[in-house]
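The following paragraphs guide a new reader through the structure shown below. Please keep the sequence and the model in view while reading.

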Amino acid sequence: MTDVDATNPTAPALGRRERKKLQTRQALAEAALKLILERGYDAVTVAEIAEEADTAVTTLFKHFPEGKESLIFHGGVELELGMGLSEDRSAALAAAIRERGEGVRVLDAIEAFIGARGAFAGQQRSERFRKQLRLVAETPALRAYALRLWMDCQDAVIAEMAAATGRDVGDPALRALARFALETPNLFGTERGARAALHDVFDRLRAGWPEL
């Protein structure tokens with residue numbers, strides 16, 4: 001028996017094992033959000049989150065090896081955005097660039113990818129989702145984790161930019177462009193008008209890089 005992933009109705013149906021994994025991840029994410037909103041990020045331990053979700057600490061780390069940070073992101077924010085049980089963001093971004101349609105620029109693909117995630121995609125989402133975004137914005141450890149998730153994509157983005165332009169992957173200008181593009185969510189992703197700001201920044205990047 002299979003069920004459609006409730007976080008993404010267009011995704012392939014999930015088998016029994018995947019469904020149980022999803023349910024466990026959601027229960028842990030709900031427990032983490034509840035406790036952290038009640039008591040603050042630093043005051044809550046992973047053991048308390050596991051107890052609240054009626055599961056073992058070992059189970060929590062099996063699903064979320066990086067602990068509280070990944071619970072908020074991969075268990076909460078990304079699941080609500082329909083990213084399934086897990087996403088290799090670096091590989092997904094590289095694929096989005098590589099598989100962009102005819103006439104779609106590299107920078108267009110990167111902007112679209114960023115715009116589908118985090119606060120940029122949060123305007124029409126649930127109150128629970130918005131609470132998670134506010135928690136990220138107000139918690140230094142979570143903001144640092146969010147930035148690292150994007151910076152981990154840097155090498156993959158540089159490789160795709162190099163392939164599109166014929167430049168070397170060690171080109172300092174490509175490295176600077178990739179870094180700045182990936183840092184945009186951290187710069188203003190939680191502010192009012194974030195999507196408009198994202199588009200404005202990428203318009204300026206496109207003007208300066210006609211080959212991308």
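A residue is called buried when its relative accessible area is under 20%, exposed when that area is over 50%, and partly exposed in between, as computed with a 1.4 Å probe on protein chains only. This is a predicted model, in which local features need pLDDT of at least 70 and side-chain atom pairs count only at pLDDT 80 or more, while totals for chains, interfaces and linings use all residues. Residues are numbered from 1 along each chain as its sequence is written, and side-chain values use heavy atoms, with hydrogens and water left out.

Phe113 belongs to helix H6, which covers residues 106–115; helices here are DSSP runs (H or I, at least four residues), numbered from the N terminus. Between Phe113 and Arg89 there are 24 residues in sequence, and their C-alpha atoms are 9.9 Å apart in space.

Attention may now turn to helix H10 (residues 172–188), where Thr184 is found. Thr184 has a relative accessible area of 0% and is therefore buried. A polar atom of the Thr184 side chain lies 2.7 Å from the backbone oxygen of Ala181. Contact means heavy atoms within 4.5 Å. Neighbours within four places in sequence aside, Thr184 is in contact with Ile114, Phe120, Gly189, Leu198, Val201 and Phe202.

Charged side chains form a further theme. A salt bridge is a side-chain nitrogen of Lys or Arg within 4 Å of a carboxyl oxygen of Asp or Glu, and by this rule the count comes to twelve. One of them joins Arg206 to Asp108, with the closest N and O atoms 2.9 Å apart. Because Arg206 lies in helix H11 (residues 194–208) and Asp108 in helix H6, this pair ties together parts that are 98 residues apart in sequence. Arg206 counts as buried, at 9% relative accessibility, whereas Asp108, at 25%, counts as partly exposed.

Asp200 is partly exposed, with a relative accessible area of 38%, while Arg204 is exposed, at 60%. Elsewhere, salt bridges that share partners join Asp108, Glu111, Asp203 and Arg206 into one network.

Key: Helix = DSSP H or I, 4+ residues; strand = E, 2+ residues; numbered from the N terminus. Polar contact = N/O pair within 3.5 Å; in protein donor to acceptor, adjacent residues only side chain to side chain.
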